[in-house]
Amino acid sequence: MSDQSKKKIVREIKVDLDKCIGCRACEVACSGFHASPKYSSFNPSRSRIRVVQDLVNDVYVPLRAGEYTAAECTGRQTFKIHGKQYSECNFCPASCPSRELFKEPDSGLPLKCDMCADEKMPMCVEVCRPGALTYEEREEERADEEPALGEVETGLKSLVHKYGAQKVMDTIARLSQND
Amino acid sequence: MRYAETGFNLEVDLSQGSVKRVPTDPKLTELHLGGQGTAARILWDRVPPETDPLSPDNLLIFSTGLLHGTPVPGANRTSVSTFSPLTGLYVNSLMGGWFGPELKFAGYDKIIISGEAPGLVYLYINNDRVEIRDASHLQGKGCQETATLLQKELKEPKLQVAAIGLAGENRVFQATIEHANSSASRHGVGAVMGAKRLKAIAVRGTKDVYVARAAELWKTCRGKYQEIYDNKNCGDPMAHDHNESFHVDNFAWGNARTRRKDYWNKEREEQWVGLWKEVRSRDSGCYNCPKDCHYTISYPGRHTYFLKCFNKLTYSMAAFEEIDFNYNILGLTSAYGMDGFSTPQVLAFAVELYEAGILTNEDLPDFPADGAARFFYLLDKVVRREGIGDVLADGVYRAARRIGKGAEEYDHNTTKKVEQVPLKLGVVNYPFFLMYCTGEKMNITQIEGSFPQAPIADPEKRRKFVENWSAAPERFKKWLLEWEPRKHMPIEASVNVCDWNEAMHYVDDAIGTCAWLSSFRGQFGGSPPYHLFNLPEIIALAAGIELDSDGLLEVSRRNRNLVRALNIRRGLRRDVEKPPEDHWKIRDPEMEQKHLDAYYEFKGWTNDGVPTRETLDRLKLEFVSEEFIRRGILTAGGGEETAAERA
Ligand code: SF4
Ligand code: SF4
Ligand code: SF4
Ligand code: SF4
């Protein structure tokens, strides 16, 4: 394997909490991007970025959905930053049973940010004119790693956790017969 | 499939305790677009003109705009339509924030509230699940606190709440409905909600909103974020400007009486900015808009609240106090839910009556000596409707008449019973004369906005303005170019200006776009993000309703005439179409009436301000003309003298 293949483009979205005005344009754009056909419907609760907002306590945290987790973590964390209290889970990107965030409202399946795969600039960043979100690409050395799970795989994995492998397989078998 | 709208209204009968999801007629959307347009239609059909605004028979309607929930940036203004206890007439009060879009995502275009609950309740909407719930634990709670408590209680951090405070519960006519960083503040809509014993509406929605032509609409919207963000002429400049000289030196202090021309100076600016830095905690925007017109204030001892627009000065100016007082008292009035335009004027009016000996120590026992303490004292009486507060809570106009003893003389700044912006000017300005007289909103900031308020003195600047004025139909460019300082425009121009200004507000109020991005901001810089020439396409792409500029204007006129008709049916006529008494020092009654004649003629109204049968029928409002004839407001043969004939 050549050295080249160990390099990887890391796509990163930086968040400046102080610049967020809570407009949720990021949610609008993300939900539209992932609608099918694209931009044919909008629904912030399908967005893979969510602004955790507590207006009177001045909490504005735009959060992108990360991995699905079958169980909540042990020992949640609260943060105090410049005297401001953030509640537990405020900075956690997990699609987790402890909360509604990052689940498809109809199916309850986990949502995960895919960096707007085929767009040069992530849509949430593009519409965030106040500058709370900015985008960066850089090259990083990487050890070999497993390919990332695709969306379907992530979804299936969560279903397996919820219903057990057998039930999921039975259902898939039944559905494919119907087709 | 319905695009942009959900096609359902939520009917809530608080007397019966029932809720119903009711499909709407898409034809009405084509005729009125939505927002206050369709709300006015419901009020026309269902609230007879004899209805007391505070009775169970009045309807309180929360409308999303047609574009709420679509990606059109800045479409988030919820309109609250009902009949006002202050004016006895129709009121449409608007609030920004996140409420309207959330309601759409819950699957409703409107909430139509009728009846009166037996005890204090709140309405919980979570998609299809709708419940009327006991709110006794929220009684007397501040508006912002109510929202926080409901978010906690229902375990819904994304819940959007619109709530009344103590003022609404006590049916004070200055009572607002507060939502997050915004409020529906006009003409006592909070009192109507209080009369229905509805403390709050809490909404959570997770459904989709569909748009007609996805790719094209997104392409248009995508560019708008940057455009709006960069456009210095839109949004609320007061939110970020620390030079307050325009308002404090030019607007009237006290009971809209006294100009203090040299009030502003560098030293004061430094003091004010110093305090602002201490109490301001955060800038915020509204749903899907890149501007940040609002900010939170955390004043010691007060619940955190959002500062809005001109509220930042009104209490200080009314009480002749420094800015600290304003931040302090706003902490209370925001919690009580009280309008920052009218409340300070009501309090200043009372102070003036006391100084004139019309109100005495008997009316105001232990009345303090200093301005700030007097305001706190009066506020407490008004919000509780206690003693003289019960009288003042009806607003300046009604209070003056209830108090008598010459108090009427001190009511010099109201139009159609509504306290106006405290402005006292020199020579009458005819477009403004017409807007004050005929505006159905009775608040000048919600009528003016597309055409500059005054001529641009420098011919070069004037030319430049006109060159870049993409929002204006051609004829206005000519009128502005020819408008010289200290000169009046031709009557025809003034009439057209009034018409265009208000027409753009009627557009916003149907589709839900924020006036700071369109109808109110064209006058500054002439480049609002939304205007007559780009909105038709946006509406077509989002809602699938094909329109051109003329078509959009026609909808706007239809809505405007329907609102007019609601008020005509409740008794409004020419005799009350007057500006505040001493708004201008130099008046010309004959010329003023000529303008009013010309405006009525232009509108197709009779000489008494009633839309004629032809006008109504042309706008497909036959049901209005039929009822006008039945009620004898118009005659079947159309024998009324029209403004045109008289002229
Ligand atoms: S678009 Fe930017 S400013 Fe607006 S809520 Fe999202 S992160 Fe915050
Ligand atoms: S959401 Fe909260 S509980 Fe769940 S994994 Fe994250 S921090 Fe742990
Ligand atoms: S990068 Fe794309 S997928 Fe990820 S949150 Fe932003 S808009 Fe959504
Ligand atoms: S322009 Fe200002 S008030 Fe209007 S929607 Fe945007 S942030 Fe809200």
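This is a predicted model: local features need pLDDT of at least 70, side-chain atom pairs count only at pLDDT 80 or more; totals for chains, interfaces and linings use all residues.

Q: Why is the pair A:Glu126 and B:Arg222 called a salt bridge?
A: The N to O distance between the side chains of A:Glu126 and B:Arg222 is 2.7 Å. The rule asks for a side-chain nitrogen of Lys or Arg within 4 Å of a carboxyl oxygen of Asp or Glu, so the pair qualifies. Between chain A and chain B the count is six salt bridges, and over all chains it comes to 72.

Q: What makes A:Lys14 and A:Glu136 a salt bridge, and which parts of the chain does the pair link?
A: The closest N and O atoms of A:Lys14 and A:Glu136 are 3.1 Å apart, and the cut-off is 4 Å, so this pair is a salt bridge too. The pair links distant parts of the chain, with A:Lys14 in strand β1 (residues 7–15) and A:Glu136 in strand β7 (residues 133–141) of chain A, 122 residues apart.

Q: How do you know that chain A and chain B are in contact?
A: Contact means heavy atoms within 4.5 Å, and 35 residues of chain A are in contact with 39 residues of chain B. The area buried between the two chains is about 3,000 Å², and carbon and sulfur atoms give 55% of it. On the chain A side, A:Phe42, A:Val56 and A:Arg129 lose the most area to chain B, together 21% of what that side buries.

Q: Which residues line the second largest pocket closest to its centre, and what volume does this pocket have?
A: The space in the second largest pocket is about 1,500 Å³. Its lining has 49 residues, and A:Val52, A:Gln53, B:Glu156, B:Pro157 and B:Lys158 are the closest to the centre. Elements giving two or more residues to this lining are β3 (49–54) and β6 (84–86) of chain A, together with α4 (143–153), β9 (160–163) and β10 (177–179) of chain B. With six residues, α4(B) gives the most. By class the lining has 18 nonpolar, 16 polar and 15 charged residues.

Q: Which residues come nearest to ligand 1, and which surround ligand 3?
A: Ligand 1 has 13 residues around it, with A:Cys20, A:Cys23, A:Arg24, A:Cys26 and A:Cys128 nearest. Its shell has eleven nonpolar, one polar and one charged residues. Around ligand 3 are residues including A:Cys30, A:His34, A:Cys113, A:Cys116 and A:Cys124, and that shell divides into eight nonpolar, one polar and three charged.

Q: What is the omega of the cis peptide bond between A:Ser36 and A:Pro37, and where does A:Pro37 lie?
A: Omega is about -5 degrees for this bond. A:Pro37 is in the loop between α1 (25–33) and β2 (41–42) of chain A.

Q: What is the phi of B:Leu33?
A: B:Leu33 is not a glycine, yet has a positive phi of about 70 degrees. B:Leu33 sits in the loop between α1 (26–32) and α2 (35–46) of chain B.

Terms used. Residues are numbered from 1 along each chain as its sequence is written. Chains are lettered from A and ligands numbered from 1 in the order in which they are written. Side-chain values use heavy atoms; hydrogens and water are left out. A residue is near a molecule or strand if one of its heavy atoms lies within 4 Å of it. Ala, Val, Leu, Ile, Met, Phe, Trp, Tyr, Cys and Pro count as nonpolar, Asp, Glu, Lys and Arg as charged, and the others, Gly among them, as polar. On a 1 Å grid over the protein atoms alone, a cavity is a set of points where a 1.4 Å probe fits but cannot get out, and a pocket is an open set with protein on both sides within 12 Å along at least five of seven lines; lining residues have an atom within 4 Å of a point. Grid points are joined across faces, edges and corners, and a volume is the space filled by probe spheres set on the points. Helices (H or I, at least four residues) and strands (E, at least two) are DSSP runs, numbered from the N terminus. Buried area is the accessible area (1.4 Å probe) that two parts lose on being put together, summed over both.
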